Amino acid sequence: MELTNVCNFECDFCPSAHQTRKRVFMETELAKDIISEIAEHHLSDYISFHIMGEPLLHKDVLELCHFAEEQGLSAVLFTNGALLNEELNTKLLATGLARLEVSFRSPNELAFIQKSPPSSLTFEAYKDKVKGLISSKLDSDSYTEIRIHFFKKSKLFDSFCPVDTRHLTNRQDNLSIMNEFQTHCLTMAKRLGKDISKYQAVSLSPSRDAAEIFDRIYLCCQRLIYFYLTECSRYSSYSKAFFGSCDTFRNQSDFGILANGDVTTCCLDYNGENVIDNVRNKKLVDILETDQVKSIIKHFNRYHPPTDLCRRCLGNPNVFFSLSKQAYSIFQGFAKSIEKGRD
């Protein structure tokens, strides 16, 4: 669920930067109504506060995180980390958040200066904010899982995505910052009298998906090409999918709600291309029972992507990788259906 479509970082890569977006903040009462309905009708076990906006800009984000957990939902919050401070960290961890994910997308000082709006925040101060979150986590009894995300590139990305990505990812710089965060984490843990023996030997590599540097504190790497595919798809050489599977709307648990109340297929639809209806007009539970939603599920049950966005999402700039991705999505869908049948 998107609490706001506003972000406090500028980035040429970010999809929302390619268009003029009206500043929208979801009303607190509307957000609570949505959360309550999700919990009451068991539409999902969790709720994620994100979809391209910065949720910490919402004035009642702490209240909403706590409210979601009170309703029995696992709350997940995504942030770029620029607004973190000791007081906010303490309050966030106290809400009972299941997971707090920090997108660390500027791997060096030059990139940070180039892609950040004019402010008093420096690159060193930005890193210190993330270190502060790690310290707050170690100093608390909070069960909240912390995940700090970095981008990793591939040769495929360099070949097919014509964009300057130096401000987003650099293997050497990523590894340097990851080591810096790990050292800080172990130093603080030792200072607090915690047993660090289990985590001293943890090796870091930008090619790994995730590394647990201390209990429920992870450094994660996400392939940049997957994040960028929908933007790359505007190029004529892009190979859209002819077939494929997706979990959207399956068991009514995978969908997105934008800050203006629009209900759509997933968090990748930040531009509202697949919007079904709006929660201001109709109850969420009724929207999820509409013919349009049933049609989308039916199409994916037949392994046929129902919309242009879905075909772009399941596609790839390379024909071979596009076909491979489509085939793998079907394999995943088939495997999940077998697993569900056993349950």
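In this model, is the crossing of H1 and H2 left-handed or right-handed?

Mentor: Right-handed: that is how H1 and H2 cross (a crossing is right-handed if the near helix is turned clockwise from the far one by less than a right angle, and left-handed if anticlockwise). Before we go on, keep in mind that this is a predicted model, in which local features need pLDDT of at least 70, side-chain atom pairs count only at pLDDT 80 or more, and totals for chains, interfaces and linings use all residues. Residues are numbered from 1 along each chain as its sequence is written, and side-chain values use heavy atoms, with hydrogens and water left out.

Back to your pair. The axes of H1 and H2 come within 10 Å and cross at roughly 15 degrees (axes are lines fitted to C-alpha atoms, for helices over the stretch in contact, and angles run from 0 to 180 degrees between N-to-C directions). H1 is therefore roughly parallel to H2 (that label covers angles under 35 degrees; over 145 is roughly antiparallel, 65 to 115 roughly perpendicular, and the rest oblique). On the H1 side the contact uses Thr-28, Ala-31, Lys-32, Ile-35 and Ser-36, and on the H2 side Glu-63, Leu-64, Phe-67 and Ala-68 (contact means heavy atoms within 4.5 Å). Sorted by class, those residues give five nonpolar, two polar and two charged (Ala, Val, Leu, Ile, Met, Phe, Trp, Tyr, Cys and Pro count as nonpolar, Asp, Glu, Lys and Arg as charged, and the others, Gly among them, as polar).

Lys-32 is worth a stop. This lysine sits in helix H1, residues 28-40 (helices, H or I with at least four residues, and strands, E with at least two, are DSSP runs numbered from the N terminus). With a relative accessibility of 16%, Lys-32 counts as buried (buried is under 20% relative accessible area, exposed over 50%, partly exposed in between, with a 1.4 Å probe and protein chains only). Leave out its neighbours within four places in sequence, and Lys-32 is in contact with Glu-63, Leu-64 and Phe-67. From Lys-32 to Leu-64 it is 32 residues in sequence but 6.9 Å in space, C-alpha to C-alpha.

Ile-51 is in the loop that runs between strand E1 (46-49) and helix H2 (61-70). Its phi is positive, about 115 degrees, although Ile-51 is not a glycine. Ile-51 is buried too, at a relative accessible area of 2%. Tyr-303 is another non-glycine with a positive phi, about 60 degrees, this time in the loop between helix H10 (291-301) and helix H11 (308-313). At 28% relative accessibility, Tyr-303 is partly exposed.

Now set your pair beside two others, both of which involve H5. Helix H3 (residues 86-94) packs on helix H5 (residues 123-139) at about 45 degrees, with the axes 9 Å apart. That makes H3 and H5 oblique to each other. Their crossing is right-handed. H3 brings Glu-86, Asn-89 and Leu-93 to the contact, and H5 brings Gly-132, Leu-133, Ser-136 and Lys-137.

H5 passes H7 in a right-handed crossing. Among the residues making this contact are Lys-127, Ser-135 and Leu-138 of H5, and Ile-177, Glu-180, Phe-181 and Met-188 of H7. By class it has nine nonpolar, two polar and three charged residues.

Not counting residues up to four places away in sequence, Lys-127 touches Phe-104, Ile-177, Glu-180 and Phe-181. Lys-127 and Ile-177 are 50 residues apart in sequence and 8.4 Å apart in space, C-alpha to C-alpha. On the H7 side, Met-188 is buried at 17%. Beyond four places in sequence, Met-188 is in contact with Ser-135 and Leu-138.

Zooming out, the protein has twelve helices and nine strands. Of its 343 residues, 52% count as buried. Among contacts between residues at least 6 apart in sequence, 70% join residues at least 24 apart.
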